[in-house]
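Subject: Structure handover and notes

Hello,

Here is the structure you are taking over. My notes follow it.

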Amino acid sequence: VHTFKDGKCTVCGHDEFVNPFVDVKKDAWYHDEVVGAVYTGIINGKSATEFKPDDLLTYAEAIKLAACMYQLYKDGSVYLVPGGNPWYQIYVDYAKDHGIITENFFYKVSNINEKATRAGYMEIFANALPDEALKGINNVPDGSIPDVPMVHESSISIYKLYRAGILTGVDAKHNCKPEDNIKR
């Protein structure tokens, strides 16, 4: 985590990150996270100057994020870069090789470029980091998420992320809205 003062990180001395995106305003709640994620290589914009935060995330983009997060966690940096055709193939191959997604994923998702559901995103991200990185810090008993019964196909992943404190839900009742899409 970087904390900047006078253009330098107070922890590591790294130069302050510069936001390249005209559509990620300084007062947006996600500003620092987006800019930091770009500099670490986890995510990129839709162009050099536009992030498109209100676009819906595709499964290809979710797999890219998850593969990069895994690589950053395991290796300390992200060195995966697109370059093939399709652009996401390197990330899909990496995700398969490291257990982030399985062949079963492709039975659930017929088109990797379709918009990711919240449940689909959570299923990918529950495997993006090892269990020791997602230790339970919240008491979330089985069946306690109102719209995610334990028979839901993604319930194990969703409950894992709730218990790890990654998610808390979309409302005061902690609903997940698993079939909704998710923004970038």
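To start with a cysteine: is Cys176 buried or exposed? Cys176 counts as buried, because its relative accessibility is 0%. Cys68 is also buried, with a relative accessible area of 0%. A search of the whole structure for disulfides finds zero.

Please keep in mind that this is a predicted model. The protein chain has a mean pLDDT of 90, and 98% of its residues reach 70 or more. Confidence is lowest in strand S1, residues 4-5, where the mean is 72. It is highest in helix H6, residues 155-163, at 96.

Lys64

Lys64 sits in helix H2, which covers residues 59-75. Which side chain of opposite charge is nearest to Lys64? That is Glu61, 9.3 Å away. Lys64 is buried and has no salt bridge; a salt bridge would need a distance within 4 Å. A polar atom of the Lys64 side chain does lie 3.0 Å from the backbone oxygen of Ile42. Leaving aside residues up to four places away in sequence, Lys64 touches Gly41, Ile42, Ile43, Asn44, Trp87 and Tyr91.

Backbone geometry

Most residues other than glycine have a negative phi, and most peptide bonds are trans.

- Asn85 and Pro86 are joined by a cis peptide bond, with omega about 0°. Pro86 is in the loop between H2 and helix H3 (89-97).
- Lys52 is not a glycine, and its phi is positive, near 65°. Lys52 lies in the loop between helix H1 (31-40) and H2. Lys52 counts as partly exposed because its relative accessibility is 30%.
- His174 also has a positive phi, near 70°, without being a glycine. His174 is found in the segment after H6. With a relative accessible area of 41%, His174 is partly exposed.

Helix H5

How many of the eight residues of helix H5 are buried? The number is six, and the helix, residues 118-125, is mostly covered. The buried residues are Arg118, Ala119, Gly120, Met122, Ile124 and Phe125. They pack against H2, helix H4 (105-108) and H6. H2 is the helix that holds Lys64.

Glu50

Glu50 is in the loop between H1 and H2, and Lys52 lies in that loop too. At 31% relative accessibility, Glu50 counts as partly exposed. Which residues does Glu50 touch, not counting those up to four places away in sequence? They are Phe21, Val22, Asp23 and Gly45. For a sense of distance, the C-alpha atoms of Glu50 and Ile156 are separated by 35 Å. These two residues are 106 residues apart along the chain.

In brief, the items to look up in the viewer are the buried Lys64 without a salt bridge, the cis bond between Asn85 and Pro86, the positive phi of Lys52 and of His174, and the mostly covered helix H5.

Regards

Note on methods: Residues are numbered from 1 along each chain as its sequence is written. This is a predicted model: local features need pLDDT of at least 70, side-chain atom pairs count only at pLDDT 80 or more; totals for chains, interfaces and linings use all residues. Side-chain values use heavy atoms; hydrogens and water are left out. Helices (H or I, at least four residues) and strands (E, at least two) are DSSP runs, numbered from the N terminus. Buried means under 20% relative accessible area, exposed over 50%, partly exposed in between (1.4 Å probe, protein chains only). Lys and Arg count as positive and Asp and Glu as negative; His and the chain ends are not counted. A polar contact is a pair of N or O atoms within 3.5 Å; within protein, one must be able to donate a hydrogen and the other to accept it, and residues adjacent in sequence count only if both atoms are side-chain atoms. Contact means heavy atoms within 4.5 Å. pLDDT is the predictor's confidence in each residue, from 0 to 100. A disulfide is a pair of cysteine sulfur atoms within 2.5 Å.
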